[in-house]
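Hi,

Here's the structure I said I'd pass on.

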Amino acid sequence: MKVSKVQLIKASAPSDFKDYKAKRGSPSQNIFSAAAELKGRVELELIDETANHLVNYKSDAQIIGIFFSTPDAIRAYEIASKFKDMGKLVFLAGLHASFMSEEALKYGHSVIQGECEGIIHDLLDDYERGDILKDIYKRDSILDLKELKPYPTDLIAKEDYDDFWTVTVSRGCPYKCHFCVVNPFFGKIRYRPIEQIVEEIANSKASFIELHSDNLTADKNYAKELFQAITPLNIKWAVASDISIAQDDELLRLASKSGLMYLLVGLETPSQEALKGTGKGFVKVNEIKDRIKKLHDHGIIVDSAMMFGFDEHDKSIFDRSLEFAIDVKIDVCDPVVQIPFPGTKLFKDLESQNRILTYDWSRYNGSDAVYEPKNLSVEELLQGQYDFYKQFNSFSNYSKRKFRQIKQLGINAFYA
């Protein structure tokens with residue numbers, strides 16, 4: 001039976017995790033990657049619950065693909081079960097399904113592990129031939145990003161993302177931080193041809209672009225060439241990078257000139273011991289203040305969460321983190337309880353130590369304790385997170401921060 005229509009869904013349950021993602025909202029990487037791959041072969045229907053879309057249970061699509069992260073797993077399984085009961089073919093994909101495939105298969109017919117490019121066609125081919133579908137579809141090799149297709153701009157309106165579009169620059173990361181799923185999922189870092197990025201940005205017609213990369217400046221020569229290439233496009237853009245972007249003056253100047261205005265950077269904690277213990281010792285706490293000042297001098301907003309619950313943390317960490325965040329002048333800062341995502345070294349270590357408290361995935365949202373902390377009680381961890389949020393956002397601290405941002409960042413301060 002020939003496939004005529006596929007519905008692709010980004011499942012997202014109401015939670016602090018969803019609010020965090022929506023606040024930094026740009027098109028969902030997973031459903032748009034799948035849509036780019038399938039466009040031209042089948043009619044597509046995209047639903048992004050992070051953007052508050054409603055799932056269309058009356059869809060005439062024969063195949064339903066559901067992509068999701070760990071905090072959204074229960075919601076994804078609810079959607080999958082409904083469609084499966086309706087006789088639809090359901091496949092599950094994304095981070096959680098890739099690392100918890102046996103669990104995900106209870107709710108769908110197949111799982112796509114890892115990158116969907118290429119392999120998603122194998123699933124459709126098997127369906128059309130009437131073959132028994134495989135439980136697992138997985139690429140034999142990582143994707144060469146020169147083969148990446150541009151995200152379709154006609155399936156979800158840019159307005160649903162406040163005219164904030166996204167263009168993929170790289171996948172993967174050279175670092176192996178214990179709490180991060182990027183390296184286990186994507187593997188080594190790969191970059192896309194710069195001419196493809198420039199063309200896709202120009203065709204998007206968006207004025208604000210997320211250059212999607214988990215660590216754009218790991219290859220500084222590539223980054224400099226990219227920044228020079230996008231400068232004539234006259235856009236504003238945001239990116240995730242490590243703090244070393246502010247270590248290279250030429251790199252930072254080119255980034256600023258090309259339109260960088262919002263930087264999501266992983267600082268995590270003022271505890272050098274905790275950073276070292278989680279595989280992130282390359283971040284030097286004593287250098288951060290000077291580097292953030294350089295970013296501010298170029299009008300760039302700095303967004304970094306403070307993460308709590310490392311084994312090296314005790315009750316003093318909450319006051320230390322507040323003093324640190326204010327002192328180094330982070331512009332946007334959310335307190336997050338460390339999440340042991342399946343697939344990470346953190347999850348494996350905690351599970352082997354019998355410290356996982358629950359497998360209720362809806363609680364893996366950054367504002368609940370799902371494992372036993374080492375030098376804190378669960379109550380102390382949650383209270384400390386709450387107190388940090390309340391104090392960082394107190395009227396006094398907020399007012400001082402806004403006054404400083406307007407002085408340092410100019411008009412960009414209104415995006416902070």
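Below is what I found, starting with a word on the model.

It's a predicted model, so to speak: local features need pLDDT of at least 70, side-chain atom pairs count only at pLDDT 80 or more, and totals for chains, interfaces and linings use all residues. Residues are numbered from 1 along each chain as its sequence is written, and side-chain values use heavy atoms, with hydrogens and water left out.

Take the strands (DSSP E runs of at least two residues, numbered from the N terminus). S1 (residues 5–10) and S2 run parallel, joined by six bridges; DSSP has to find at least two bridges for strands to pair. Leu8 sits opposite Leu46 in S2. Five of the six residues in S2 (residues 43–48) are buried, meaning under 20% relative accessible area with a 1.4 Å probe and protein chains only.

Next, two helices (DSSP H or I runs of at least four residues). The axes of H9 (residues 220–230) and H10 (residues 249–257), lines fitted to C-alpha atoms over the stretch in contact, come within 8 Å and cross at roughly 30°. H9 is therefore roughly parallel to H10, a label for angles under 35 degrees. In contact terms (heavy atoms within 4.5 Å), H9 residues including Phe227 and Lys220 meet H10 residues including Leu254 and Glu250.

Finally, Lys146 lies in the loop between S6 (136–138) and S7 (164–168). Lys146 counts as exposed because its relative accessibility is 53%, and the cut-off is over 50%. Leaving aside residues up to four places away in sequence, Lys146 touches Pro193 and Gln196.

Cheers

Note on methods:
Axes are lines fitted to C-alpha atoms, for helices over the stretch in contact, and angles run from 0 to 180 degrees between N-to-C directions. Angles under 35 degrees count as roughly parallel, over 145 as roughly antiparallel, 65 to 115 as roughly perpendicular and the rest as oblique.
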